[in-house]
Amino acid sequence: MEPSLARYIWTHTKKQQLWILVIVLLSMIPYFMSFDLPKLIVNGPIQGRGFEQPGATQPFMRLHYNLPFIGEIQFFPGFQLDRTTTLLALSLVFLLLVIINGLFKFYINTYKGRLGERMLRRIRFDLVDRVLRFPPRYFKRVKSAEVATMVKDEVEPLGGFIGDAFLQPVLLGGQAVTAMLFIVVQNFWLGMIAAVIVLIQIVLIPRMRRRLIVLGRKRQLTARALSGRVGEIVDGIGAVHVHDTSNYERADIAARLGLIFKIRFDLYQWKFMVKFLNNFLAQITPFLFYMVGGYLVIQGRLDVGQLVAVIGAYKDLPGPMKELIDWDQDRQDVQVKYQQVVEQFTVEGLIAPRIGALTIDDPGPMTNPLSAIGLSMADDGGAMLLDRISLQVKPGETVALVSTSTGGAEALAEAFARLNWPESGKVASGADDLLELPEAVTGRRMSYASSDVFLFQASLRDNLLYGLKHAPLTSVTYDGAAADQHRWNIHEARRSGNPDLDIHSDWIDYASVGATGPHDLFEAVRQVLDAVLLSRDILDLGLRSSADLTRHTELAGRIVELRAALRTRLEHEGLSGLVVPFKPGAYNKEATIGQNLLFGAAAGPELADRALAANPYFASVLRQAGLDRTLYEMGLEIAEQAIELFADLPPDHQFFQQLAFMSAEEIPAYQTLLQRLKNRPYETVSENDRAMIVTLSFAYIEPRHRFGLLGDELMNKIVAARNRFYEGLPPELQNAVERYDPAKYIAAATVMDNVLFGRLGSNHPDAPDRIRSIVYDILDELGLYAELLDVGLDFNVGAGGRRLTAGQRQKLDVARALLKRPDFLILNRPLSALDQRVQEKVLRNVLEEARRDGRSPAIVWVVTNPAMAMMFDRVVVFDSGRLVEDGTHETLLAGSGMFKELLS
Amino acid sequence: MLLKDEVGMLQRVPLFSGIESAKLKLLAFTSDRVSYSAGEILFRQGDEGDAAYVILSGKADILVDSDSGTIKVAELPPNSIVGEIAILCNSSRTATVRAASPVEALRIRKDHFLRLMKEFPEMTIEMVRVLADRLSHTTADLIDARSAK
């Protein structure tokens with residue numbers, strides 16, 4: 001990257017910088033005119049010079065300015081105006097100049113703002129582009145959060161500065177010189193006074209500010225280190241808790257914050273010290289003007305108009321001066337920041353841009369063998385992982401790499417995947433060095449999965465299809481406002497040196513999966529997911545999440561059929577008791593009282609959970625139904641029982657999982673509430689307290705909690721209240737609840753709840769498992785299996801995929817590698833989180849899936865267990881970084897080498 | 001059957017007889033009430049042991065798979081506890097338990113059960129007593145079986 005900030009800015013913005021300079025120079029003309037005008041107004045109409053005779057007139061707009069160095073120029077002979085109209089006319093001219101100056105300023109500021117923002121965009125893009133091209137070893141040494149801070153925060157001030165880089169000195173310098181010249185023209189000595197003060201400012205202030213820059217740099221470095229550490233804590237939170245080092249981390253962060261505080265406070269103090277001095281110098285000049293200038297007026301060597309104009313002009317002098325000094329400080333500051341960022345981003349051995357160049361067309365298959373030639377790999381500390389290995393993998397060959405713990409097979413897999421670069425020797429595809437091949441070839445025709453999986457925080461689907469998004473394959477057409485926006489996007493992207501690739505285009509390379517478009521992609525996805533045994537997990541996720549009905553219309557459309565099928569099936573198997581269905585006119589004993597009252601799914605916060613009892617409309621319905629008092633008393637009873645049962649337990653006791661009414665933290669609050677409310681008549685209890693108590697009754701399920709609080713009469717009343725609730729539902733609550741309707745899909749509920757449309761009986765411990773397998777069967781019979789899998793694929797995997805188990809993550813990684821249908825499939829202990837039995841099953845499936853439809857990719861698999869090598873054409877054994885055996889499974893088994901030893 | 005009735009029944013189980021009723025209520029509350037019709041299986045031999053069961057009403061058979069087919073080795077009367085061995089030994093179920101009539105039972109989860117044992121030594125001692133008793137019976141049976149040969 002360009003080490004000098006000034007040159008970087010100049011290279012990319014010289015045209016714009018020149019244009020804005022021209023505008024700035026033009027703006028100087030009205031600026032200068034606005035200085036001269038007060039003098040004309042004061043001396044002319046106000047003091048009456050030239051209007052000594054009543055009815056005297058003066059020419060107006062006879063523009064004859066006495067410009068420095070140019071002399072008197074007459075633009076226009078003017079109109080004849082009397083004293084009052086002249087005053088009016090001159091004042092209006094003054095107003096006009098104010099407007100013109102303002103407009104110039106507005107244009108200039110907007111222009112340079114845009115300039116700066118474009119450059120900021122360019123710099124940030126350049127930096128991220130470089131991150132994408134860093135050699136692998138670089139990433140072992142940097143903390144991701146530090147790189148992110150550099151891109152995000154540290155270059156931010158650059159944007160503000162770039163617009164001002166060349167403009168500000170010209171503009172402010174011009175203004176200062178203009179003001180200065182004006183003063184000198186009015187009176188030489190006053191001009192000299194101003195000049196001396198300005199000189200002091202120029203010399204002294206930047207010297208004092210040097211310390212500010214040093215402090216600023218320290219602040220930047222400490223802040224960057226802080227964000228690196230915070231990032232580490234977040235990523236390593238498990239290690240922190242496991243080792244009880246949270247207080248060590250607290251101490252470390254506190255120490256860092258202390259240091260940052262000290263630096264920042266120093267900076268603050270010094271800054272205001274400088275500011276004080278600067279202001280003082282600026283203020284002392286008018287004092288001299290009044291004294292010296294006033295004296296000159298009294299002496300008659302200066303007229304009052306001139307003095308007023310000088311003081312007016314001087315008001316505009318310290319401003320530009322101060323800003324000029326500020327600019328100089330910014331310049332140094334920003335230059336330092338820029339240099340530090342550039343230093344961090346200047347790395348030896350950057351990947352050449354052509355390796356990652358955009359390639360839309362299919363690069364064609366890799367038909368050459370993949371070979372390691374005298375390949376040595378070392379770790380970051382320099383220790384040899386592989387020592388001059390030579391090995392060739394032919395297309396279509398399946399090779400198991402078996403390795404002792406220090407064998408080095410993983411390093412070979414990483415070299416094949418280009419994740420680490422050779423220390424010496426090379427990996428070649430045919431005659432080409434693999435590192436010289438574009439990623440468009442290696443990234444599409446080879447795939448790699450390892451035990452160390454990285455997933456993006458997106459849906460399962462996005463993560464699965466991530467490996468197919470090489471290039472924008474469709475051009476999207478936009479209409480109306482969207483089209484304008486799109487044009488603007490492209491225009492701006494180009495102006496900032498960003499690529500104008502459309503992120504909204506369809507990037508998925510369907511052809512590589514063997515599909516033709518989104519409609520038949522799913523079949524391929526399903527086969528791959530089946531192969532890695534991930535389908536069941538995804539189906540479970542699908543059942544537990546609520547479906548997006550804009551996407552999964554079929555599920556909603558056939559919900560009645562589904563529910564009926566489930567009932568029939570349950571009856572058929574004699575399992576009707578497993579599910580108690582929701583019926584509009586009946587109480588569901590296995591559901592809570594709250595669920596029975598609401599008889600719907602809360603779709604907004606108004607009627608959800610704890611808000612329900614406090615909702616005024618809901619409370620009024622309970623009152624009218626004569627339930628308010630009953631439920632209050634029930635709530636009191638529940639509170640008493642719960643406190644009696646749980647009050648003595650420590651808050652982290654596992655029994656609290658069974659307490660549906662309140663959390664362990666709420667027990668003390670309910671204890672005091674109960675004491676306060678005991679023996680108080682219902683009428684005197686406040687609305688809030690009533691809601692607190694009534695809400696307890698909403699969680700009650702008679703067969704589960706068995707307090708004996710729910711009789712037939714009460715159940716009937718609850719069903720009546722339910723109907724009353726929906727009859728009078730006010731419009732603002734219409735969207736807050738979705739009423740249970742046997743013929744309707746409930747968008748706010750999970751797929752499982754929708755299919756069940758009822759509650760599982762609590763007295764069958766294995767009911768959930770049995771029901772789930774029945775539901776799968778039914779979905780499959782009705783052809784909705786794919787739809788459910790699709791719902792499951794909507795599941796967001798969380799940051800780094802942490803919402804999935806390690807095993808699920810690894811399976812997903814293998815599925816992603818398989819989906820691409822590569823020519824070379826490199827798998828580096830890809831399933832280490834699974835137990836041996838499952839690993840072998842997946843291995844068998846993957847080999848079969850990779851070769852389905854007559855495909856024959858080469859497969860290189862670093863196996864975790866030598867026994868797995870049996871399923872491969874060829875077995876290569878590594879020990880201490882050397883290749884020790886190479887042959888078919890039978891020959892190695894027959895020999896007496898390392899393989900035999902490892903197997904036993 | 002209400003919680004308080006269950007407490008009454010738990011008190012009749014020898015294992016829990018020494019425990020104060022407030023604690024038994026907690027145990028009942030945190031356990032699941034389960035019901036089985038005749039012929040249904042509570043758990044199977046070889047399954048992982050995740051819970052113990054207290055039979056509140058009805059009868060259940062204990063069955064063991066052997067080379068000569070399934071053998072019924074005992075019958076569980078009401079107020080007896082079953083399935084606690086697999087919890088204690090972290091092993092799989094040593095026998096199958098099948099409802100012989102409609103059965104109502106309390107299902108006490110493994111982690112709850114272990115927690116109770118930690119907190120109530122009198123219960124643990126009782127449990128050891130019951131197990132020792134069973135062992136001596138088994139030993140006696142074994143001697144009988146050997147001498148009969």
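Predicted model: local features only at pLDDT ≥ 70, side-chain atom pairs only at ≥ 80, totals over all residues.
**Entry 1. Domains of chain A.** I began with the division of chain A into domains. Domain 1 covers 5-345, and domain 4 covers 591-739. Domain 2 is made of two segments, 370-457 and 804-903. Domain 3 is likewise written as two segments, 546-582 and 742-794. I then looked up the separation of domain 2 of chain A from domain 3 of chain A, and their C-alpha centres lie 42 Å apart.

**Entry 2. Helices α1 and α2 of chain A.** I recorded two values for this pair, since packed helices are described by the angle between their axes and the distance between the axes. Helix α1 (residues 5-46) of chain A packs against helix α2 (residues 83-133) of chain A at about 165°, and their axes are 9 Å apart. The angle is over 145 degrees, the cut-off for this class, and I therefore noted α1(A) and α2(A) as roughly antiparallel. The contact of α1(A) with α2(A) holds 24 nonpolar, 9 polar and 3 charged residues.

**Entry 3. Helices α22 and α27 of chain A.** I next examined helix α22 (residues 616-624) of chain A and helix α27 (residues 712-727) of chain A, whose axes come within 9 Å and cross at roughly 135°. That angle makes α22(A) oblique to α27(A). Their crossing is right-handed. On the α22(A) side I listed Val621(A), Leu622(A) and Gln624(A), which meet Ala721(A), Arg724(A) and Phe725(A) in α27(A). By class, I noted 4 nonpolar, 1 polar and 1 charged residues in this contact.

**Entry 4. A sheet in chain A.** I followed an open sheet of 6 strands in chain A, in the order β10-β15-β16-β7-β17-β18, and its pairing is mixed. Which strands stand at the edges? They are β10 (446-450) and β18 (882-887) of chain A; each has a single partner strand, so one side of each lacks a neighbour in the sheet. Neighbouring strands of this sheet are turned by 15° against each other on average, direction ignored. Within the sheet I checked strand β7 (residues 398-403) of chain A, which pairs with strand β16 (residues 858-862) of chain A in the parallel sense over 4 bridges. Thr398(A) is placed opposite Ile859(A) of β16(A).

**Entry 5. A sheet in chain B.** I then turned to an open sheet of 4 strands in chain B, ordered β2-β7-β4-β5, with antiparallel pairing. Its edges are β2 (41-43) and β5 of chain B, each with a single partner strand, so one side of each has no neighbour in the sheet.

I took the pairings one by one.

- β2(B) is joined to β7(B) by 2 bridges, and the two run antiparallel; Phe43(B) stands opposite Val97(B) in β7(B).
- Strand β7 (residues 96-99) of chain B is joined to β4(B) by 4 bridges, again antiparallel; Asp61(B) has Arg98(B) as its bridge partner in β7(B).
- Strand β4 (residues 60-66) of chain B pairs antiparallel with strand β5 (residues 69-76) of chain B over 7 bridges; Val64(B) has Ile71(B) as its bridge partner in β5(B).
- β4(B) and β5(B) form a hairpin, with 2 residues between them.

**Entry 6. Contact between the chains.** How many residues of chain A are in contact with chain B? I found 12 residues of chain A in contact with 14 residues of chain B. The chain A side of this contact has 5 nonpolar, 6 polar and 1 charged residues.

Note on methods: Residues numbered from 1 in each chain as written. Chains lettered and ligands numbered in written order. Domains from an automatic or database assignment. Axes fitted to C-alpha atoms, helices over the stretch in contact; angles between N-to-C directions. Parallel < 35°, antiparallel > 145°, perpendicular 65-115°, else oblique. Nonpolar A, V, L, I, M, F, W, Y, C, P; charged D, E, K, R; others polar. Pairing = 2+ DSSP bridges. Contact = placed C-beta atoms within 7 Å. Left-handed = near helix turned anticlockwise from the far one by under 90°.
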